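Hi,

Here is the structure I promised to pass on.

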Amino acid sequence: MALELTVSGVEASYGAVRALAGVSLHVGNGETVVLLGTNGNGKSTLMKCLIGSVRPTAGMITLNIDGAAHDLTRLTTEEIVNLGVALVPEGRRLFPKLTVEENLMLGAYRSAARAKIADNIALSYEIFPVLKERRTQLAGTMSGGQQQMLAIARALMSSPTLLLVDEPSVGLSPLLVSQTIAAIGDLKRRFGLTVLMAEQNFNQALKIADRGYIIVHGEIAYEGKSRDELANNALIKELYLGAAAH
Amino acid sequence: MRWTGFWIGAALFLVLAYASTFMVTNTFFFFVGYVMLQFVVLATAWNILGGYAGYVNFGTSAFFGVGVYTAVALFKAFALPLPLQILAAAVVGTALGVATGMMTLRLRGIFYSIATVALVIILETFVVNWKFVGGAAGIQIVRPSLPSFFPTYEGMLFVVAAVLVVIAVAVARYVEGSWIGRGLRAIRDDELAAECSGVPTLRLKLIACGISGALMCAIGAPNPMYQQFAIPGAAFELPYSVSPLAMALIGGTAHWIGPVLGALLLSATQQYLSVTISSELSLLALGVMLVLFVIAAPEGLVGLLRKVGLFKTGTVRPSNEKGKGT
């Protein structure tokens, strides 16, 4: 299945505060693209625009699936999910008072996924065995790492082709961050997903990135055409280490 | 979810209700019984939206009143038999529920609740000015002849209410265990996250509104036959809005049995106090019990029974004691 996401000139604001000032990027079929940036630069806003929960004030978001173009700025979240897009939201946003299994089933409202609920649940348990052990436990009572696994598994329940991941490292210990990122990489290979991941943990994100973008103040400040290009550019040093770019 | 036990229980309940119409000679039993069953239906119906999804509806009396007047209008115009009046009221209730939902469900939390209060006032005003059904002065209902297989009118209405209880509870039980209930619980937990996961939140809320409205209107329909008159002030009375809410909260909103227990306990207490002391005091009792339960047992009777180990089903699921987080 050929899939292509094109974001061009997207602007978005919360009242008077402008969060995105003309973002353009592109994600090709089967790629893992990372969107790097520190807090408050618009990563999550872009993710919300992609899933339809924030409406851009200008620009286009086009998702091409097998030659058919869909304008995501005109679709509801439900319709976007039906196209095969799934979001692992920032801070996980599980349903804390529902069980692990119910959380998983709630990811499967997409009509294409409803028939495959049993298969997908079995698959989730195979990938994350800890979820099976805890399937009748309330999601809110699990540890941060387990919750992150559940959030990823919930997104996979809709049998997506494009997986959006918003800051999987938030609130996790360094070891768990590394495990989570590795898990995303595995899933991508296993299911042939296309992945767009927003992340501020630059080193971890690069482990699975094919290429990426750096977003600063709502604008794409740098485009790295390969992992090496991203790893070796001066802007990263400036943003993360405070060293002046020369 | 297993249904065999439920249907056996329901069948037993209906047989007992029917048998009691021959065995019990004191009509007061049926008067009290009818009111209690009426509140079981209302509390159960309220809980489908208010309990599962956390959308607090203060407009139960609007739906109840519309059920009453649908029956009155159809009886006066076409002398429609009671079962058809109930069916028509359910259809009107579904339409009213979905229409109200479409207008108000984009409002979240407390704003939705305020909108439902307005619904009562609007609909009551409409009926007060509708001369055909008696307007503000009300209307006398002359009961049609009694079907031969029932010994008394009170007995028949009691059985009708019992049938509606079984329907309402079965519907609530189905919703709770199905994809609808799961989605509604997700909405209560975190509506934004539900939306992001692709849960069709608006559609689910409209379904819940329609089902809830249908049941509330349906139980309103036999009421004019029971009272032998209908008057807007009584049909749209505030207690019809407040009691089902209090009953569901006292019983526990997380499980279908909660509203049933709450309605039985509260309406029995109210009936007892009305007869022994005064009907004003029965309203006070409702308030006091609600306060006591909110403080001592925020998860209602169901939560209380779970704590002492008398009630075990699936997961311990805290009800929305913290209210909706919007």
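Which side chains meet in a salt bridge at 2.9 Å, N to O? They are those of A:Glu102 and B:Arg185. By salt bridge I mean a side-chain nitrogen of Lys or Arg within 4 Å of a carboxyl oxygen of Asp or Glu.

Before you read on, this is a predicted model, so local features need pLDDT of at least 70 and side-chain atom pairs count only at pLDDT 80 or more, while totals for chains, interfaces and linings use all residues. Residues are numbered from 1 along each chain as its sequence is written, chains are lettered from A and ligands numbered from 1 in the order in which they are written, and side-chain values use heavy atoms, with hydrogens and water left out.

**Where the chains meet**

Between chain A and chain B the count is three salt bridges. Helix 2 (77-82) and helix 3 (100-106) of chain A each put at least two residues into the side that touches chain B. (Helices are DSSP runs of H or I with at least four residues, strands are E runs of at least two, and both are numbered from the N terminus.) By class, that side of chain A has 11 nonpolar, five polar and five charged residues; Ala, Val, Leu, Ile, Met, Phe, Trp, Tyr, Cys and Pro count as nonpolar, Asp, Glu, Lys and Arg as charged, and the others, Gly among them, as polar.

The contact (heavy atoms within 4.5 Å) takes 21 residues from chain A and 25 from chain B. About 2,100 Å² is buried between the two chains, with carbon and sulfur atoms giving 59% of that. Buried area here is the accessible area (1.4 Å probe) that two parts lose on being put together, summed over both. A:Phe95, A:Lys97 and A:Tyr109 supply 32% of what chain A buries against chain B, more than any other three residues.

**Within chain A**

Over all chains, the search finds 15 salt bridges. One of them joins A:Arg211 and A:Glu223, whose closest N and O atoms are 3.9 Å apart. A:Arg211 lies in strand 9 (residues 211-216) and A:Glu223 in strand 10 (residues 219-224) of chain A, so the pair ties together parts that are 12 residues apart in sequence.

Two residues to check for backbone angles: A:Asp66 is not a glycine, yet its phi is positive, near 50°, and A:Asp66 is found in the loop between strand 4 (58-65) and strand 5 (68-71) of chain A. A:Arg93, also not a glycine, has a positive phi of about 45° and is found in the loop between strand 6 and helix 3 of chain A.

Over to you!
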